[in-house]
Amino acid sequence: MPPSPTPSTLLAVLSDTHGHVPLTQAAVHLLRGFDVAAVLHCGDIGSPAIVRLLAEWPVHYVFGNVDDRPHELRAAITEAGQTCHERFGELTLVDQRIAFLHGDDAPRFQESVASQRYDLVCYGHTHRAEQHLEGRTRVLNPGAIYRANPHTLAIVELPTLAIHIIRV
């Protein structure tokens, strides 16, 4: 009998909600259709209301360049039992080393990718979904929830790092 395939763990990656509640509600509704184990938010959160909308999952946040009230966001993240990584996050999920940041700090972003320390580097800021392989590192921008056409997020299958860009 052949071995059964290892089940995937799903990671949702989103960015640039900019405090837009209706579009974030649509993203939440979409995510409920997946068995998501965790969510990464790559910055430009915009308001504490976004944190409350995403509270049903373990969420890891970084701040972006428009997160001009970090004390309010940090308080909302703490109150929701989530994790605030300030401007740069790193974690290991299903043996995959993951870094995430907003992407507006170009030198830090480039160093994160060039270091080859991570299996996956996630970023936002450009409002355009894209993915590519640089050396051994998979680089992912999930696109944006707000100010994008189309509005997108990403689902990453771990440990394979298969990436699916999903329209919201």
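**Packing of helix α4.** The buried residues of α4 pack against β5 (88-93), β6 (96-101), β7, β8 and β9 (137-142); contact here means heavy atoms within 4.5 Å. Helices (H or I, at least four residues) and strands (E, at least two) are DSSP runs, numbered from the N terminus. The model is predicted: local features need pLDDT of at least 70, side-chain atom pairs count only at pLDDT 80 or more, and totals for chains, interfaces and linings use all residues. Residues are numbered from 1 along each chain as its sequence is written, and side-chain values use heavy atoms, with hydrogens and water left out. F109, S112 and V113 are the buried residues of α4. Viewed down the axis of α4, they fall within an arc of 95 degrees, so they line one face of the helix. The arc is that of the directions from the helix axis to the C-beta atoms. P107, Q110 and A114 are exposed on the face of α4 turned away from the buried side. Buried means under 20% relative accessible area, exposed over 50%, and partly exposed in between (1.4 Å probe, protein chains only). Q116, which follows α4, has a positive phi near 60 degrees.

**The aromatic pair F109 and Y123.** Two aromatic pairs are found in a search of the whole structure. In the pair of F109 and Y123, the ring centres are 4.5 Å apart and the planes are at 45 degrees, so the pair is tilted. Rings of Phe, Tyr and Trp (its six-membered ring) pair if their centres lie within 6.5 Å; planes under 30 degrees apart count as stacked, over 60 as edge-to-face and the rest as tilted. The pair links distant parts of the chain, 14 residues apart: F109 belongs to helix α4 (residues 106-114), and Y123 to the loop between β7 (120-122) and β8 (129-134). F109 counts as buried at 16% relative accessibility, as does Y123 at 9%.

**Helix α1 and its cover.** In helix α1 (residues 21-31), the buried residues are L23, T24, A27, V28 and L31. Down the axis of α1 these residues fall within an arc of 145 degrees, so they line one face of the helix. Their cover includes β1 (9-14), β2 (36-41), α2 (48-53) and β10 (152-158). P22 and H29 are exposed on the other side of α1.

**Surroundings of D67.** D67 sits in the loop between β3 (59-61) and α3 (70-79). Polar atoms of the D67 side chain lie 3.0 Å from the backbone nitrogen of D44 and 2.9 Å from that of G46. Not counting residues up to four places away in sequence, D67 touches G43, D44, I45, G46, V62 and L73.

Most residues other than glycine have a negative phi, and most peptide bonds are trans. The bond from N149 to P150 is cis, with omega near 5 degrees; P150 lies in the loop between β9 and β10. The bond from L158 to P159 is also cis, with omega near 15 degrees, and P159 lies in the loop between β10 and β11 (162-167). D16, in the loop between β1 and α1, has a positive phi of about 55 degrees and is buried, with a relative accessible area of 0%. D95, in the loop between β5 and β6, has a positive phi of about 60 degrees and is exposed, with a relative accessible area of 71%.

Technical notes:
Polar contact = N/O pair within 3.5 Å; in protein donor to acceptor, adjacent residues only side chain to side chain.
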